[in-house]
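Good morning, colleagues. Please bring the structure up on the screen, and I shall go through its overall build before turning to a single residue.

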Amino acid sequence: MESNGRSMVRDRLLDDLRLVIKDAEDLLRNTSQQVDDGYRMARARFESTLTSAKSGLSSLEESISASARDAIDTTDQYVQSHPWQSVGVGALAGLVIGLWLGRR
């Protein structure tokens, strides 16, 4: 349950970062008519930072996806190697959740 909460927070953070990048790209497109030299330099730096952020976000998504696949593979291997222990853990988890919900 703990990792699911972290997963939801991570997914929300990634969604927020995607939205910030999209908004920044829209801002750059809408302000492309500005001609001041200081503005051009600031815009070039911002575009560079935005490109870097997009690349970093892409790398982070790939890393998270690889970690999730590894966790799934490890769990699958354990269940294949220890089927009765896995059934016992599942039954115990179901019992605990059932008791917890019954008390509410």
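The chain in this predicted model contains three helices and zero strands. Read from the N terminus, the order of elements is therefore simply α-α-α.

How does the radius of gyration compare with the globule rule? For 104 residues the rule gives 13 Å, whereas the chain has 23 Å, well over that value, so the chain is more spread out than a compact globule. Along the principal axes, the C-alpha atoms fill a box of roughly 70 × 35 × 15 Å.

Of the 104 residues in the chain, 11% are buried.

I now come to the residue I wish to discuss, Glu61. Glu61 sits in helix H2, which spans residues 37–81. Is Glu61 buried, exposed or partly exposed? Its relative accessible area is 28%, so Glu61 is partly exposed, given that buried means under 20% and exposed over 50%.

Which residues does Glu61 touch, leaving aside those up to four places away in sequence? They are Leu14 and Arg18. Finally, a distance along the chain: Thr51 is 10 residues from Glu61, and the C-alpha atoms of the two are separated by 15 Å.

Thank you for your attention.

Technical notes:
Residues numbered from 1 in each chain as written. Predicted model: local features only at pLDDT ≥ 70, side-chain atom pairs only at ≥ 80, totals over all residues. Heavy atoms only, no water. Helix = DSSP H or I, 4+ residues; strand = E, 2+ residues; numbered from the N terminus. Rg over C-alpha atoms; globule rule 2.2 N^0.38 Å. Buried < 20%, exposed > 50% of the residue type's maximum accessible area, 1.4 Å probe, protein only. Contact = heavy atoms within 4.5 Å.
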